[in-house]
Every structure is written in structure tokens, then in C-alpha cells.
Amino acid sequence: MTTSMLPETAPPHSPSRRATPVTPGKFAMWLFLSTEVMFFTGLIGSYIVYRAGSSPTAYSNLYPPATDLSRLRDKVGVLIKSAGPDAHKVLDELVHAGLARSSDDAARLVEAAPHAALGGLTNEKAAELAHALEVAGATVRIEPLKTHKWPLPYDDATNPLAVTLTAFNTFVLICSSVTMALSLAAIRQGRRWKSALYLLATILIGSLFLGVQIFEYHSLMFVHHYPVGISASGHFRPDVSLFASCFFTMTGFHGAHVTAGVLALVVILVRSLLVGGFSAQNHAPIEMVGLYWHFVDLVWIILFTIVYLI
Amino acid sequence: MNLAPPIDAAADGRHAARRTYLRVWAALAVFTAVEYVYASYFRDLYGVLVIGLLFWAGIKAGLVGWFFMHMRDEGAWVYLLIVPACLLAVILVLALYPDQAWKAEAEENPMGISSTRGVGAFSVAPLLAGVKELSTYEFVARHEVVSKPC
């Protein structure tokens, strides 16, 4: 390499806009980030390819993902939008119609209202069931079979992801990126305490991002009972569909990166508080962790768009 | 002749950097809000949705890389490290995509029966048409059309 390895002493954003000196540490970090580009490409690329290759009938409003629909195409479903004032009557009707083995089974079905779908019915059977459920006080609708290649955003029958919550979380991560950048700017001016405060803010905001992600995972996997078009079991877990496994793999690996970033920031913060910590002339670790943190933010911007919005 | 060191100029530069970070942060927040509204508004226009959202995401990712990661201040060596990795990333996806897409298109036959892998051509028509995703079917409606007496 012909570029000289100089200590980092040049002021940032000098008016002449000369390239900042390259240090071995910075070079190594960028090399590491280029391998991370390949890593996340593996994940995002696999997602795109799997999505492109998904069967046009892989997801539907009436049946669990990947159900063989060849014998169900002439069948319709009944959608329970609300169980009404007396849910027990509705549950009894479902058991009576043979659509649930027990009241508990029926209750799990109805829990997915307003998207609780009962599929595999002939037109006559659906009309009978809809009438019986309406008499029991439920609000219902007869639904044709609709299939999708992949769960569409905002389609509550096939896609459980909360776009609003994640948009907020994206904003949270963006905030952590600016506090990280301000921490580096402060230490470049020799303001150690200010830099440490911004580091602390980055750690707290990054932890908030992780907290929201854990809350989201917990809601998806254990709390909500989703319609059958999302999961046969009612919970959104990695094994319920290709979409679910892709979602958890991509966001999980990103979450692991954020966790590693928060831990690295904690180490840097402790070092910055020690006597003889960082200074205007010696702050390379803050810059290295900052690069990593911004990269993780950048990856999330892409993941949010591809996984949640498209 | 003023021989004083250019302290004010350096300080101005640092304040300018701080202002730049805050402006980039504000731009990222606004673009995130725009993405959110855009995705909701164009949810049924798949082509417009994909192209628009990738555009906004590209702008946001570019802002983070250019300003927060200081790519604008780095030498060519950074681009020598990152650009080949990004190119290989795109090539990897493009190399694998057609095989899977052909397979899916060959299977897009609502009345029937999956055909062999590799038949058909890669088509961006659904994307460019800006219409509702073509792989979404309403089988009852489709069945009624097909079963009309000739």
C-alpha cells in the first residue's frame, strides 16, 4: 500500500477537503465493514431470491402458509370480524359445525378476529355457517380465497409485522447515529465529558432500539394470536413459514450486531471516563466504533424498507 | 499582515460539522416519515411502491455513509474496499434471481398445474406496470371467468 500511515491529527472537515489520513485501524475497520456488506448481502439476497421464487399460492387469507390449494380453489371461507356480545354462543356454533374440536380451540380461532378465517367451505356450507354465526351475534363475511406470492405489507390476514412501531424504531436508531457522530465531533474538539455524554446517549438509545425489537419479537411469538393465513398455530415464530424464518434471521442477525455495538460502546465509554482516556489527538477507538455503529444503522435502513415496507 | 493562527476558521469548521450532523439527522427523520406515508399510500401499486421506497432508502443510506461515516472525507482506498463488495453483492443476487423467478413464473398458472423449472423469461413487467402485484389472485373471480360456457 502506497498510502502513508499517518497519525490522525488533521482537523475534521478542513476547508481544503483533503482526504483524512488513513490509519491501520481505520483501514482494518473498513475492510471488516466490506466483509459485513457481503454478510448482509447473503441475507438480503437470499430473502430477495426466496421471495422471487415463492409459489404464487404460498400465502392465502384462508389457509396456513404453504398449504396445497389444488383441491381448495373452489372453496370459500367465513371471516369472523367480531364475536359479538355473547362469544360463548359463537364458540358453541363453531364446535357444533365441526370447525373446532373444543371451546378452547374455537376461542383460539376467534381470538384472531377481525381476521379469524374459517376456510375450506362450499358456498352452501359457508352461507349456513355465516347465518348461524350471525344469529349467535357475530359479525361475519363470506370470503373468497385470495392468494399471494409473499405477505404484503398492511395485509393483516397474512402479514403480522407492525410497520408503525418499526418506523418509530428506525427513527430511534437514526437518533443514536447522530449522537454517535456528535460524540466523535466533541472528542475531536478535546471535549471529553461532552463526548462521553453523547456516548452514553448512544448506548441508551441503542438499548431502546433493542428493547423495542425484543418487545416486537415477544408480541409476535408469544402474545398475539394471528389469523390462520399467518400461522397455523396462531403465533408468528421462525418455523411457521419461509417469510417468518427470513424475517427472524435477518432482523435477528441485525439485532445481534446492534447488541455487539452497544457492548463495544460500553467498553469505549468506560475507557473514555478513565484518566488518560481519549483526547483530541487520541480517539481512534471512538471513530472505529462509530463507523461500525453507523454501518449497522445503514443496514437497518435497508432492512426496514425491504422486509417491512415492500 | 495577520499572523495569528487560524483558530476561528478551525472552530467554524467544527461548528459547521455539528450543524451538518444535525441537518442530516433531520433529513433522515423526514425521509423515514416520507417512506412511512409513501408505503401506506402506494400499498396497492406494487411497482411504484418498490421503486419509490428503494429510492428513499438509497438516499437515506447514502446520507449515513457520506456524512456520518465520513466517506466524503476519505480517500479512494475506502471506495476500493467497499465498491467491489457492493458490486459482488449485486451480482450475487442477479445471478441467483432469474432461476428462482423463472421457476415462480412457470408456476403462475392459476388453473393448474406447476410446470417445469426454467421455462419462461425473466420479466420486469409487473414491476414497471405499476399495477397491483400480478401474483395475487382471487380464485373465485378467476374461476367464474374460466367456467363461462363457450
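A cavity is a set of grid points where a 1.4 Å probe fits but cannot get out. With that in mind, the tour below moves through a predicted model.

**First stop: the largest cavity.** A search of the whole structure finds five cavities of 30 Å³ or more, and the largest has a volume of about 50 Å³. To display its lining, select A:Met180, A:Ala181, A:Leu184, A:Ile286, A:Glu287, A:Gly290, A:Leu291 and A:His294, together with B:Phe68 and B:His70. Colouring the selection by class shows six nonpolar, three polar and one charged residues. Next, highlight helix 5 (163-188) and helix 8 (284-309) of chain A, each of which supplies at least two residues of this lining. Helix 8 of chain A gives the most, with five residues.

Most residues other than glycine have a negative phi. B:His70, although not a glycine, has a positive phi of about 60°. The residue lies in the loop between helix 2 and helix 3 (76-107) of chain B, just after helix 2. B:His70 is classed as buried because its relative accessible area is 4%, below the 20% cut-off.

Switch to a cartoon view of chain A, which has eight helices and five strands. Followed from the N terminus, the elements run α-β-β-α-α-β-α-β-β-α-α-α-α. Of its 310 residues, 56% count as buried. Among contacts in chain A with a separation of 6 or more, 74% are between residues 24 or more positions apart.

Select A:Ala113 and A:Pro114, which are joined by a cis peptide bond with omega of about 10°. A:Pro114 sits in the loop between helix 3 (103-111) and strand 3 (116-121). Then move to A:Tyr154, in the loop between strand 5 (146-148) and helix 5 of chain A. A:Tyr154 is not a glycine, yet it has a positive phi of about 70°. With a relative accessible area of 23%, A:Tyr154 is partly exposed.

**Last stop: cysteines.** Are A:Cys246 and B:Cys86 buried or partly exposed? A:Cys246 counts as buried at 9% relative accessibility, whereas B:Cys86 counts as partly exposed at 34%. A search of the whole structure finds zero disulfides over all chains.

Notes. Residues are numbered from 1 along each chain as its sequence is written. Chains are lettered from A and ligands numbered from 1 in the order in which they are written. This is a predicted model: local features need pLDDT of at least 70, side-chain atom pairs count only at pLDDT 80 or more; totals for chains, interfaces and linings use all residues. Side-chain values use heavy atoms; hydrogens and water are left out. Helices (H or I, at least four residues) and strands (E, at least two) are DSSP runs, numbered from the N terminus. On a 1 Å grid over the protein atoms alone, a cavity is a set of points where a 1.4 Å probe fits but cannot get out, and a pocket is an open set with protein on both sides within 12 Å along at least five of seven lines; lining residues have an atom within 4 Å of a point. Grid points are joined across faces, edges and corners, and a volume is the space filled by probe spheres set on the points. Ala, Val, Leu, Ile, Met, Phe, Trp, Tyr, Cys and Pro count as nonpolar, Asp, Glu, Lys and Arg as charged, and the others, Gly among them, as polar. A disulfide is a pair of cysteine sulfur atoms within 2.5 Å. Buried means under 20% relative accessible area, exposed over 50%, partly exposed in between (1.4 Å probe, protein chains only). Contact means heavy atoms within 4.5 Å.
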